[in-house]
Amino acid sequence: AVKEESAAAAAAAAATKGKDAAGRDTLSVDFPDEDVRNILRNVADLFELNLAMPDALQGKTTIKLRDVTWRQIFESVLQPVGYTYKEEGNIIKIISN
C-alpha cells in the first residue's frame with residue numbers, strides 16, 4: 001500500500017487539473033519514462049474513472065501534455081503500444097487494436 005500511495009503522490013505532483021473552453025475537466029501531465037499502466041491508473045484516479053486493463057498491456061512512455069482531456073491522454077499513451085479504449089457505461093476498458 002505504501003508503494004501505491006507514493007505513486008499517487010508522484011502522480012498528483014505530475015498532474016494539474018483545470019477546465020477547457022467547453023467546461024470539460026482537463027489535466028496537464030508530465031510523466032517522464034513512466035509505465036503505461038501507471039499513467040492510466042493515475043489519470044483514472046484523478047478523473048474518478050472506472051478502469052479495466054488487460055495484463056498484456058505493457059510498456060513505458062514519456063508524455064508532457066497541457067490542458068488535455070482524459071480521452072486525449074489515453075489516446076496518446078495507448079496508440080503507440082497498439083491499444084485503444086472503449087467506454088461501456090461508466091467503465092473504461094482498455095482493448096488491443
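Does glutamate 48 count as buried or exposed, and at what relative accessibility? At 73% relative accessibility, glutamate 48 counts as exposed, where exposed means over 50% relative accessible area, buried under 20% and partly exposed in between (1.4 Å probe, protein chains only). The model is predicted; local features need pLDDT of at least 70 and side-chain atom pairs count only at pLDDT 80 or more, whereas totals for chains, interfaces and linings use all residues. Residues are numbered from 1 along each chain as its sequence is written, and side-chain values use heavy atoms, with hydrogens and water left out.

The average pLDDT, the predictor's confidence in each residue from 0 to 100, is 87 for the protein, and 87% of the residues score at least 70. Residues 1–5 have a pLDDT below 50, and this stretch has one contact in the model beyond near neighbours in sequence (contact: heavy atoms within 4.5 Å).

Glutamate 48 is located in the loop between H2 and E3; helices (H or I, at least four residues) and strands (E, at least two) are DSSP runs numbered from the N terminus. Its phi is near 55°, a positive value in a residue other than glycine. A positive phi, of about 50°, is also found at aspartate 67, which is not a glycine. Aspartate 67 belongs to strand E4 and is exposed, with a relative accessible area of 54%.

Leaving aside residues up to four places away in sequence, phenylalanine 74 touches Leu40, Val43, Leu49, Leu51, Tyr85, Ile92 and Ile94.

Aspartate 35, in strand E2 (residues 25–35), is buried yet has no salt bridge (a side-chain nitrogen of Lys or Arg within 4 Å of a carboxyl oxygen of Asp or Glu). The nearest side chain of opposite charge, arginine 37, is 5.0 Å away. The backbone nitrogen of arginine 37, however, lies 3.0 Å from a polar atom of the aspartate 35 side chain.

Glutamine 58 is placed in the loop between strand E3 (50–52) and E4 and is partly exposed, at 47% relative accessibility. Not counting residues up to four places away in sequence, glutamine 58 touches Arg37 and Val81. A polar atom of the glutamine 58 side chain lies 2.9 Å from the backbone oxygen of aspartate 55.

Key:
Lys and Arg count as positive and Asp and Glu as negative; His and the chain ends are not counted. A polar contact is a pair of N or O atoms within 3.5 Å; within protein, one must be able to donate a hydrogen and the other to accept it, and residues adjacent in sequence count only if both atoms are side-chain atoms.
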